[in-house]
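This report describes helix packing, aromatic pairs and selected backbone features of one protein model. The sequence and structure are shown first.

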Amino acid sequence: MRKTNALAFAALGTVLTMGLAACGGTAGGGGNTSSGNKATDGAAASTAKYNDAYTKVVNPSDAKGGTLKFALTNEPDSTDPGNTYYAWNWNFTRLYARPLMTYTAQPGEAGLKLVPDLAESAGEVSADGKTWTYKLKKGIKYDDGTEVKAADIKYAVARSNFTDELTDGPKYFALYLDAGDYKGPYKDKNLDDFKGIETPDDYTVVFKLKAPFSEFDFLVSNPQTAPVPQAKDTGVDYEKAVVSTGPYKFESYEVGKQLNLVRNTNWDPATDTTRKQLPDRIEVQYGQNGEDIDNRLIAGQIQVDLAGTGMQPAGRAKVVSDPKLKDSTDNPFTPFNRYAMMSTKVKPFDNVECRKAVQYATDKTATQAPWGGPLGGEIGTTAMTPTTVGYKQFDLYPNGADHKGDLTKAKEALTACGQPNGFEANLAVRGDRTKEVQVAEALQASLARVGIKLTIKKYPSGDWSAQYAGKPDFVHKNNLGIMIAGWGADWPSGFGFLSQIVDGRAIKPSGNYNQMELNDPAINELLDKGIQTPDATARNEIWAQVDQKVMESAAFMSFVYEKTLIFRPSNLTNVYVHPAWGMYDYTWLGVKQ
């Protein structure tokens, strides 16, 4: 265990055990910015210090009003809570979508404890572990004033997990619910045919599983259990007018350009212990330049970089060198691993020795640098991060004491894979993510030292999983051998981190996150064994075994266990880093007028 992560790891382990025991076994416009003030003056006016929001709420305030402004370099995969898989979007959608369970609104260890959201309490699990029952709070309304019913949650899960049209979100429920050959509500409009969920009355939701699932309360905290009335569903166009159960609702959405939210007057704070409703409106600008976002944050013209992935290199250098500006930043460990995946279905990466050559040849200090060096994270050697319950430290491909690469080992691996002089390959990266592009360039330079010549292919992050790196047909057709990406746990356990990126049964024709296309029966069986194991200690040992087998494939290469440097303007209130997201809690934020 790394000393810098000891507290986070201990906190996660404690909370995961508590949560399972509790469940029976386990962004343009607006006029409220501080324009005209120098950035250093604004930072100096605050009493908050560097990293304060990691452990406490900075600038606490219950003052209402104003416009909270977000900006993003690209656009979301979808604003539909059932069709998104970006961590920042799971955080953001909570402004208008409430799942059955959620996390406590606190920094530090306390923030990882599950609490009921739409549900009255944690799930009641049957003796055989295959039935989970949730009772809904009565009187929760949509933004149009109609009441949330159990059938709406059943429908939300059906549409997000059992349709061909919605591809961007995970498919946990499709994998684990006992739903037979159900084809989804777009092909079968009779919801009674969906046997994986029962709704005996308007306020009871009963999940029927194929096998025990010890962490099910964590699973229903994901936004796919946010209710959707069947009559309001418009398929892929639902993202344009999502029905709200949270403190804000859609005012307007111009896809790819801007989203505007306003207060939901039918949201009742008496039913919601984790959200606030402070700004009058929230505006999100999409397709913004990353460096410009940093400059506008420093000037107080916008309040939040929506992606939560930290400042760009130029902005980071500026604030780190200025003590006053640095006091307006936080540098938290996040749940994320930043890595490369090698496709086992694209030559020559179908040969494990060719994959090992990449592992040994990579200069990991060079690929760490774009993230900010040690400020941006610790050099990684495993799939799971030290903040994931079940993590064990090991390194199957040591690349020198200075991490600059073991070229001798790399050349031996190239000879073993029949490519002694190296080979040519394509590397895919999200072109609007400056740091990821720089990582790609560093990897390109590293591998060139042993004759591996990479051609960098840039694709937009908004459709990254739906149309490009997450679409196996596209990957094969374009010979994308290496994909640079990142992953954070869906919930704080080894299963919550690993299952969607290493389980061969999770490979999808679109929206695929197992971009290695690794389908190892031993890995799949261990995942099943682990999630069915009630004892948390035994379960965590299994997650470590999965990690070991994934790394033995050499198809996964970690760059850094991520830390981010995020900037909080002095006009942003109620700021704290939520440990479940590794970024600010977007549902608590306010703005000074």
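Are Phe70 and Tyr586 buried or exposed? Phe70 is buried, and Tyr586 is buried as well; buried stands for under 20% relative accessible area, exposed for over 50%, and partly exposed for values in between, with a 1.4 Å probe and protein chains only.

The model is predicted: local features need pLDDT of at least 70, side-chain atom pairs count only at pLDDT 80 or more, and totals for chains, interfaces and linings use all residues. Residues are numbered from 1 along each chain as its sequence is written, and side-chain values use heavy atoms, with hydrogens and water left out.

## Aromatic pairs

A search of the whole structure finds 38 aromatic pairs. Rings of Phe, Tyr and Trp (its six-membered ring) pair if their centres lie within 6.5 Å; planes under 30 degrees apart count as stacked, over 60 as edge-to-face and the rest as tilted. Phe70 and Tyr586 form an edge-to-face pair, at 5.2 Å centre to centre and with 80° between the planes. Phe70 lies in strand E1 (residues 67-71) and Tyr586 in the loop between strand E22 (583-584) and strand E23 (590-591), so the pair ties together parts that are 516 residues apart in sequence. Helices (H or I, at least four residues) and strands (E, at least two) are DSSP runs, numbered from the N terminus.

Phe495 and Trp543 form a tilted pair, at 5.6 Å centre to centre and with 50° between the planes. This pair links distant parts of the chain, with Phe495 in helix H16 (residues 494-502) and Trp543 in helix H18 (residues 536-552), 48 residues apart. Both Phe495 and Trp543 are buried. They also belong to a cluster linked by ring pairs, together with Trp132, Tyr134, Tyr172, Phe173, Tyr176, Phe207, Phe213, Phe216 and Trp491.

## Helix H16 and its surroundings

Helix H16 is mostly covered, as nine of its nine residues are buried. The buried residues of H16 pack against helix H5 (172-176), strand E13 (333-342), strand E17 (480-488), H17, H18 and strand E18 (556-563).

Towards helix H17 (residues 521-531), Phe495, Ser499 and Val502 of H16 meet Ile523, Asn524, Leu527 and Ile531; contact means heavy atoms within 4.5 Å. The residues of this contact divide into five nonpolar, two polar and no charged. In this division Ala, Val, Leu, Ile, Met, Phe, Trp, Tyr, Cys and Pro count as nonpolar, Asp, Glu, Lys and Arg as charged, and the others, Gly among them, as polar.

Two packed helices are described by the angle between their axes and the distance between the axes. Axes are lines fitted to C-alpha atoms, for helices over the stretch in contact, and angles run from 0 to 180 degrees between N-to-C directions.

| Helix pair | Axes come within | Crossing angle |
|---|---|---|
| H10 (residues 352-361) and H12 (residues 407-416) | 8 Å | roughly 170° |
| H16 and H17 (residues 521-531) | 11 Å | roughly 150° |

H10 and H12 are therefore roughly antiparallel to each other, and H16 and H17 are likewise roughly antiparallel. Angles under 35 degrees count as roughly parallel, over 145 as roughly antiparallel, 65 to 115 as roughly perpendicular and the rest as oblique.

In the contact of H10 with H12, Glu353, Lys356, Ala357, Tyr360 and Ala361 meet Leu407, Lys409, Ala410, Ala413, Leu414 and Ala416. These residues divide into eight nonpolar, no polar and three charged.

## Individual residues

Thr93 lies in the loop between helix H3 (87-92) and strand E2 (101-103). Thr93 is buried, with a relative accessible area of 0%. Apart from neighbours within four places in sequence, Thr93 is in contact with Thr79 and Pro223.

Tyr253, in strand E8 (residues 248-254), counts as buried at 12% relative accessibility. With neighbours within four places in sequence left aside, the contacts of Tyr253 include Pro76, Thr79 and Tyr286.

## Backbone features

A cis peptide bond, with omega about 0°, joins Lys347 and Pro348. Pro348 is placed in the loop between E13 and H10.

Asn479 has a phi near 50°, a positive value in a residue other than glycine. Asn479 lies in the loop between helix H15 (472-477) and E17 and is partly exposed, with a relative accessible area of 44%. Glu517 is not a glycine either, and has a positive phi of about 55°. The place of Glu517 is in the loop between H16 and H17, and at 10% relative accessibility Glu517 counts as buried.
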